[in-house]
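Please look through the briefing below with the sequence and the 3D view side by side. It begins with the chain as a whole and then turns to single residues.

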Amino acid sequence: MKRAERPIKSLERMREQERIFKRAKRKKDKSVLEKERARKDPLYKLRDRVGAKLRYAVKTGKVKKPDTCEKCNKKPEAHHIDYRFPLSVKWLCDSHHRLKHC
Ligand SMILES: [Zn+2]
Ligand SMILES: [Zn+2]
């Protein structure tokens with residue numbers, strides 16, 4: 001009955017990971033928390049890298065960050081149309097950005 005054992009094993013592994021995560025959260029262990037985030041969100045690392053590239057481009061003046069959202073007058077944040085192009089972004093405020101992601 002080797003096949004039947006497998007789901008239980010993976011469940012135990014999941015529980016173990018949760019235990020590690022909870023412990024890390026208590027201790028505020030950043031590396032474990034980051035790993036957990038990356039596991040839950042496969043795009044997290046990519047987004048992080050792309051975001052860093054964009055921040056650098058804004059800092060060096062390569063990309064101009066506007067003062068307001070494209071749709072309203074609130075403070076904008078970068079929305080990536082395609083993560084393959086880190087510098088190709090739309091500048092949207094919090095609420096208009098969220099609309100793009102639902
Ligand atoms: Zn807006
Ligand atoms: Zn976005």
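**A predicted protein chain**

Of the 102 residues of the protein chain, 7% count as buried, where a residue is buried if 20 or more other C-beta atoms lie within 10 Å of its own, exposed if 12 or fewer, and partly exposed in between, with C-beta atoms placed from the backbone. This is a predicted model, in which local features need pLDDT of at least 70 and side-chain atom pairs count only at pLDDT 80 or more, while totals for chains, interfaces and linings use all residues. Residues are numbered from 1 along each chain as its sequence is written, and chains are lettered from A and ligands numbered from 1 in the order in which they are written.

**Overall form**

- The protein chain holds 4 helices and 2 strands, which are DSSP runs numbered from the N terminus (helices are H or I with at least four residues, strands are E with at least two), and their order along the sequence is α-α-α-β-β-α.
- The radius of gyration of the protein chain is 19 Å, whereas a compact globule of 102 residues would have one near 13 Å; the radius is taken over C-alpha atoms, and the globule rule is 2.2 Å times the number of residues to the power 0.38.
- Along its principal axes, the C-alpha trace of the protein chain spans about 60 × 30 × 25 Å.

**Confidence**

- The mean pLDDT of the protein chain is 88, and 93% of its residues reach 70 or more, pLDDT being the predictor's confidence in each residue, from 0 to 100.
- Among the elements of the protein chain, H1 has the lowest mean pLDDT (80), while strand S2 (residues 89-93) has the highest (97).

**Around the helices**

- Lysine 28 lies in the loop between helix H1 (2-27) and helix H2 (30-40), and lysine 28 counts as exposed because it has 8 C-beta neighbours inside 10 Å.
- The phi of lysine 28 is near 55°, a positive value in a residue other than glycine, although most residues other than glycine have a negative phi.
- Just after H3, glycine 61 also takes a positive phi, of about 85°.

**Tyrosine 83**

- Tyrosine 83 sits in the loop between strand S1 (76-80) and S2, and it is partly exposed because 13 other C-beta atoms lie within 10 Å.
- Not counting residues up to four places away in sequence, tyrosine 83 touches Leu46 and Val50, a contact meaning that the C-beta atoms of two residues, placed from the backbone, lie within 7 Å.
- Tyrosine 83 and cysteine 72 are 11 residues apart in sequence, and their C-alpha atoms are 24 Å apart in space.
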